[in-house]
Amino acid sequence: MTMLRIAQVSRTFPARAGHAPTRALEPIDLAIGDNDFVTILGPSGCGKSTLLRIVAGLDRPTSGRVLLDGREVTGPGADRGMVFQSYTLFPWLTVRDNIAFGLRERGVPDTERGKIADRFIQQIGLSGFANHWPKQLSGGMQQRTAIARALANDPKILLLDEPFGALDNQTRVLMQEMLLGIWERDRKTVLFVTHDIEEAIFLGSRVLVMSARPGRIKADIKIELPHPRSYKVKTSAEFVALKERLVEEIRAEALKVVAEA
Amino acid sequence: MIRPLDPVSTTSRTVLGLAFFVLFVLVWALATFGGYVPKTFLADPLTMLHEGWDLLAKYGFVFDIGMTIWRVVGGFVLAAAIAVPIGVLMGAYKPIEAFLEPFVSFARYLPASAFIPLLILWAGIGELQKLLIIFIGSVFQIILMITVAVGNTRRDLVEAAYTLGASDRGIIGRVLLPSAAPEIAEILRLVLGWAWTYVIVAELIGSSSGIGHMITDSQALLNTGQIIFGIIVIGLIGLISDFLFKAFNAWLFPWKLA
């Protein structure tokens with residue numbers, strides 16, 4: 001069963017004074033199946049975030065449409081949870097209330113809200129921090145909470161826009177393992193945007209490589225590494241071979257960006 | 001050695017802050033007791049205290065202070081009650097902002113004190129007229145500043161709320177308002193300070209009570225001691241209300257300080 005369909009979606013940003021219109025996305029066709037973990041890999045400025053924002057309903061495509069379970073996406077909604085690169089926890093809410101935000105908006109009763117929030121707090125390993133303000137948390141803890149906040153809504157698909165991009169390398173690796181662990185348990189459909197090759201392979205069951213602007217899907221690679229994956233897989237011959245191939249793909253695109261600049 | 005942006009300890013901050021008050025009174029005492037300024041123009045600190053005591057003990061000045069506080073608070077609460085919702089709506093909905101902002105910006109520059117003759121004509125010289133002056137002086141300022149505060153809400157927080165299924169009402173009530181709330185409180189604190197200047201102006205003309213009224217009375221009697229005492233009382237009340245407001249805000253928004 002196919003859950004998410006992206007049909008001929010393109011995006012052109014209108015001309016600004018003195019500049020030509022920017023073609024961010026060429027028409028893209030894509031089908032993402034149930035329980036898939038799809039990573040979108042591309043050089044910066046290739047329109048991968050734009051594509052994700054269109055799926056989230058935060059941006060409108062210039063042409064084409066996005067269908068989730070056959071229903072056209074016309075705006076943002078709770079069925080597509082999103083985690084942003086910037087820290088977007090509500091600073092006036094505690095960790096628990098942040099996680100319960102969507103539930104409260106849906107009118108879930110207080111006690112049930114608390115139960116669900118506590119379950120996710122446990123899952124992301126922040127048990128002692130339920131009543132902390134976001135300001136008191138490290139970047140990694142904030143992003144963990146943001147993931148829990150999106151998951152607490154039980155969305156059909158989870159959209160992540162370089163969620164670990166602002167974290168230091170060690171934290172990022174641990175966060176990847178945590179996210180993969182959650183996915184291996186729940187098998188929630190995930191669309192994950194990144195420019196980090198290793199991250200794309202380690203997390204994804206399918207890697208989509210995007211070209212430099214205007215963005216289009218240049219390669220669609222299935223990742224057959226077995227689950228559950230541990231960090232050790234990163235040194236396996238299969239992983240290294242995949243990495244080599246993707247390095248070449250991305251390098252070609254990055255060179256185009258540099259040549260244009 | 002002081003260096004740019006170097007922090008100062010809490011104790012030195014208190015000592016330094018008080019030191020200037022002491023210095024100020026010293027200079028004042030020197031100018032008056034030393035005979036450099038004639039007594040008719042400027043009373044010395046001791047005379048001022050003496051006159052102040054007389055005011056409080058013999059002339060029922062406490063009642064005047066009470067009247068002034070009531071007028072400030074009354075006019076200010078009235079202005080805030082109307083301006084906060086309008087400002088929030090203007091900040092949230094751009095067409096409403098486009099509709100009202102030019103007029104409010106214009107009205108902001110109308111001097112409240114210039115309305116006194118008109119307001120006396122319309123509302124007489126009773127309490128309503130005093131409240132209206134403070135209202136006119138505050139309401140447009142509050143509206144404009146709150147519009148900006150609400151409009152400056154972080155876009156990514158609004159987007160995050162939308163992806164969590166928030167409705168438009170949810171966005172206003174659960175994102176825009178709490179996000180702008182500390183700034184709204186700061187704006188109200190600031191404008192309350194301005195309201196104090198309007199109330200005195202309002203009381204200088206056509207009033208039979210209040211600190212401003214006492215000051216005009218004392219002017220007729222050339223009692224500079226009383227005038228200065230009145231001014232100092234206003235300053236003290238302002239300082240206290242500001243302090244209370246600040247403490248209240250800090251208590252209200254612990255996440256800001258965490």
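## A pair of strands in chain A

Two strands pair if DSSP finds at least two bridges between them. Keep that in mind as you look at this predicted model, starting with strand E7 (residues 157–161) and strand E8 (residues 189–194) of chain A. They pair in the parallel sense, over five bridges.

In general, strands of a sheet pair through backbone hydrogen bonds, and the pairing can be parallel or antiparallel.

## The sheet around them

E7 and E8 belong to an open sheet of six strands in chain A, in the order E6-E7-E8-E3-E9-E10. The pairing in this sheet is mixed. Which strands sit at the edges? They are strand E6 (80–83) and strand E10 (217–222) of chain A, each of which pairs on one side only. On average, neighbouring strands of the sheet are turned by 15 degrees against each other, if you ignore direction.

There's a helix to spot here too. Helix H5 (residues 139–152) of chain A lies across E6 and E7 of chain A, and H5 runs at about 175 degrees to E6(A).

## Chain A as a whole

Count up the elements of chain A and you get eight helices and 10 strands. The C-alpha trace of chain A spans about 55 × 45 × 40 Å along its principal axes. A compact globule with 261 residues would have a radius of gyration near 18 Å, and chain A, with 19 Å, agrees with that.

## Two helices packing in chain B

Over in chain B, look for helix H3 (residues 61–92) and helix H6 (residues 127–151). Their axes are 7 Å apart and the helices pack at an angle of about 30 degrees. Angles under 35 degrees count as roughly parallel, so H3(B) is roughly parallel to H6(B). The way H3(B) passes H6(B) is a right-handed crossing.

What kinds of residues make up this contact? Between H3(B) and H6(B) there are 21 nonpolar, seven polar and two charged residues.

## Where the chains meet

Finally, see how the two chains touch: 14 residues of chain B and 23 residues of chain A take part in the contact. On the chain B side, helix H7 (155–163) and helix H8 (168–204) each supply at least two residues. H7(B) gives the most to that side, with six residues. Sorted by class, the side of chain B that touches chain A has eight nonpolar, four polar and two charged residues.

Note on methods:
Residues numbered from 1 in each chain as written. Chains lettered and ligands numbered in written order. Predicted model: local features only at pLDDT ≥ 70, side-chain atom pairs only at ≥ 80, totals over all residues. Axes fitted to C-alpha atoms, helices over the stretch in contact; angles between N-to-C directions. Helix = DSSP H or I, 4+ residues; strand = E, 2+ residues; numbered from the N terminus. Parallel < 35°, antiparallel > 145°, perpendicular 65-115°, else oblique. Left-handed = near helix turned anticlockwise from the far one by under 90°. Nonpolar A, V, L, I, M, F, W, Y, C, P; charged D, E, K, R; others polar. Contact = placed C-beta atoms within 7 Å. Rg over C-alpha atoms; globule rule 2.2 N^0.38 Å.
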